[in-house]
Amino acid sequence: MTTKTLQDVFGLKGKVALVTGASVGLGLELAEGLAIAGADVAVVARRKDKLDQVAGRLRTFGVRALAVQADLTRGEELERAVAEVERGLGPVDILVNNAGVAEVGRAEKHRLSQWDHVLAVNLRAVFQLAQRVGRTMIERGQGGRIINISSILGQVGSSVMPTISYNVSKHGVDGLTRQLALEWARHKITVNAIAPAWFPTEMNTDPSYGDVNPKYKERMIERTPMGRLGLPGELMGAVIYLASPAASYVTGTVLAVDGGWLAW
């Protein structure tokens, strides 16, 4: 039996990763995890100043990094972004669809404009990006990894916040993940999702006091068996695993990182 190193099992050296919504928060953590494992990383989001800072931070891990500004709800910008990544770093081996938004409000008051915006970012752009990158992966014939960032709310309703369009979009992401996994397995492309529970992010943090809204935070913690919110660094291992050689036989799965939330 050949002795393998940690790099052989989990290393990503020589791979090119594209991470969306990577200017702050969970996206930044996911991008860092891939860089730590050795991948060259392109970060895509709308805020160029933040992206430039992230790219500089990723380069400290000894990898190439590229910042690409784009609004992924606009088809022409999405296409341009992927082409720019391919020119700058090479064909994408690992796609992490992380960009997402949420609108809080009761269903009976939810505006169609809110619904359309959330589904455009959280579901339509995820499919379009997977489709664009997936085509190239198929043409190259070398396989690839697609990792969609879903949510525990892709499998259950929300007893904490009224977020009807967000929940629907994440249920869609889970279904998209499974269907693409089935269709692209023969091309050696694995398609998986990560379902975080509650992590403090820009989406659920009130900037006036820099913490999760207290009327929601107590309920989040109360419903989580581990009795706390997610901590920085606790998603990193999941994305490294699903992108790595160790997960070569894993596809169509939704990996929960939720402190036990879905075990109730």
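Is the crossing of H4 and H5 left-handed or right-handed?

Analyst: The crossing of H4 and H5 is right-handed. This reading, like what follows, comes from a predicted model. Two packed helices are described by the angle between their axes and the distance between those axes.

For helix H4, residues 75-88, and H5, the axes come within 11 Å and cross at roughly 40°. Angles under 35 degrees count as roughly parallel and those from 65 to 115 as roughly perpendicular; H4 and H5 are therefore oblique to each other. On the H4 side, the contact is formed by Leu78, Glu79, Val82, Ala83 and Glu86, which meet Ala125, Gln128, Leu129, Arg132, Val133 and Thr136 in H5. Sorted by class, this contact holds six nonpolar, two polar and three charged residues.

H5, which spans residues 112-140, also packs against helix H6, residues 164-184. Here the axes come within 8 Å and cross at roughly 15°, which makes H5 roughly parallel to H6. H5 passes H6 in a right-handed crossing. The residues that H5 brings to this contact include Trp115, Leu119, Leu123, Phe127 and Ile138. Among their counterparts in H6 are Ile164, Tyr166, Val173, Leu176 and Trp184. The contact of H5 with H6 comprises 15 nonpolar residues, seven polar ones and one charged.

A further pair consists of helix H2, residues 25-36, and helix H8, residues 236-243, whose axes come within 8 Å and cross at roughly 50°. H2 and H8 are therefore oblique to each other, and H2 passes H8 in a right-handed crossing. Glu29, Leu30, Glu32, Gly33, Leu34 and Ile36 in H2 meet Met236, Val239, Ile240 and Ala243 in H8. By class, the residues of this contact are seven nonpolar, one polar and two charged.

Together with Lys15, Asp93, Gly144 and Arg145, Ala243 lies nearest the centre of the second largest pocket. That pocket has a volume of about 200 Å³ and is lined by 15 residues. Its lining divides into four nonpolar, five polar and six charged residues.

Definitions and conventions:
Residues are numbered from 1 along each chain as its sequence is written. This is a predicted model: local features need pLDDT of at least 70, side-chain atom pairs count only at pLDDT 80 or more; totals for chains, interfaces and linings use all residues. Side-chain values use heavy atoms; hydrogens and water are left out. On a 1 Å grid over the protein atoms alone, a cavity is a set of points where a 1.4 Å probe fits but cannot get out, and a pocket is an open set with protein on both sides within 12 Å along at least five of seven lines; lining residues have an atom within 4 Å of a point. Grid points are joined across faces, edges and corners, and a volume is the space filled by probe spheres set on the points. Ala, Val, Leu, Ile, Met, Phe, Trp, Tyr, Cys and Pro count as nonpolar, Asp, Glu, Lys and Arg as charged, and the others, Gly among them, as polar. Axes are lines fitted to C-alpha atoms, for helices over the stretch in contact, and angles run from 0 to 180 degrees between N-to-C directions. Helices (H or I, at least four residues) and strands (E, at least two) are DSSP runs, numbered from the N terminus. Angles under 35 degrees count as roughly parallel, over 145 as roughly antiparallel, 65 to 115 as roughly perpendicular and the rest as oblique. A crossing is left-handed if the near helix is turned anticlockwise from the far one by less than a right angle, and right-handed if clockwise. Contact means heavy atoms within 4.5 Å.
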